[in-house]
Amino acid sequence: MLIAGFPAGAWGTNCYVVAPAAGEECVIVDPGHLATQGVEDTLAKHRLKPVAVVLSHGHIDHVASVVPVCGAHDVPAWIHPEDRYMLGDPEKALGRSIGQPLMGELTIGEPDDLRELTDGGTLTLAGLEFSVAHAPGHTRGSVTFRLPEAADVPSVLFSGDLLFAGSVGRTDLPGGSMPELYESLARVCLPLDDSTVVLSGHGPQTTIGRERAANPYLGEAARGPGAPHPAAPRRGL
């Protein structure tokens with residue numbers, strides 16, 4: 001399997017390009033702010049042909065390049081219905097202005113072919129099977145995408161802004177909920193094997209085992225309802 005990732009834009013949001021191997025079809029995960037050139041460079045380097053874009057949630061730092069990327073390659077994008085409105089109104093999703101200088105670098109709106117994700121569904125794209133799990137807390141429509149273990153390759157979780165190395169996504173923006181985020185951590189992340197590789201929306205890659213042992217938020221989620229939960233820190237949007 002080939003997974004190429006790079007941080008993009010003002011918020012350093014990780015964009016990933018996923019394919020069975022070089023020279024084949026691929027899926028683009030979270031083409032965010034100023035990600036277009038990085039996507040094109042990655043496609044050229046590995047001789048890849050996109051077939052779809054999938055979005056972990058609707059915040060502008062994860063979706064700002066979805067329109068130009070989909071338009072350039074005539075591919076659909078997938079997003080959870082509860083975050084769809086953010087594509088057309090990113091400032092409403094943040095509860096504040098994102099700043100005039102950045103607005104001049106954004107393409108606001110939906111791509112021509114936009115499809116909706118469902119919890120528990122499976123997307124078969126580019127010869128890969130992505131399991132979709134609704135994981136609200138950071139936003140109402142946050143999702144994760146998981147690729148199953150194959151041969152000597154461990155399972156991979158694209159966690160969006162649900163789980164980071166040593167931390168979790170912020171919950172202080174519209175649609176955020178700390179109780180829901182803890183429930184999502186418990187339901188989506190805790191059952192996974194320790195060897196599962198976690199590729200998150202911000203920061204370095206990690207594993208479920210590493211986070212189970214050292215991430216205080218995942219530890220609190222394991223304690224269940226009623227445990228004293230620390231507030232989520234701010235990373236990205």
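Student: Is Glu 116 buried, partly exposed or exposed?
Tutor: Keep in mind that this is a predicted model. Glu 116 has a relative accessibility of 39%. Buried means under 20% and exposed means over 50%. That value falls in between, so Glu 116 counts as partly exposed.

Student: Which residue forms a salt bridge with Glu 116?
Tutor: Glu 116 lies in strand S6 (residues 114-116). Its partner sits in the loop between strand S5 (77-79) and helix H4 (90-94), so the pair ties together parts that are 32 residues apart in sequence. The closest N and O atoms are 3.1 Å apart, and the partner is Arg 84.

Student: In which helix do Glu 183 and Arg 187 both lie?
Tutor: These two form a salt bridge, with the closest N and O atoms 3.1 Å apart. They are four residues apart, about one turn of the helix. Both lie in residues 178-189, helix H6.

Student: How far apart are the closest N and O atoms of Arg 212 and Asp 194?
Tutor: Arg 212 is in helix H7 (residues 208-214), and Asp 194 is in the loop between H6 and S13. They are 18 residues apart, and the pair links distant parts of the chain. In this salt bridge the closest N and O atoms are separated by 2.7 Å.

Student: Which strand gives the most to the lining of the largest cavity?
Tutor: The largest cavity holds about 40 Å³ of space. Strands S2 (13-19), S10 (156-160) and S13 (197-200) each give two or more residues to its lining. The top contributor gives three residues: S10.

Technical notes: Residues are numbered from 1 along each chain as its sequence is written. This is a predicted model: local features need pLDDT of at least 70, side-chain atom pairs count only at pLDDT 80 or more; totals for chains, interfaces and linings use all residues. Side-chain values use heavy atoms; hydrogens and water are left out. On a 1 Å grid over the protein atoms alone, a cavity is a set of points where a 1.4 Å probe fits but cannot get out, and a pocket is an open set with protein on both sides within 12 Å along at least five of seven lines; lining residues have an atom within 4 Å of a point. Grid points are joined across faces, edges and corners, and a volume is the space filled by probe spheres set on the points. A salt bridge is a side-chain nitrogen of Lys or Arg within 4 Å of a carboxyl oxygen of Asp or Glu. Buried means under 20% relative accessible area, exposed over 50%, partly exposed in between (1.4 Å probe, protein chains only).
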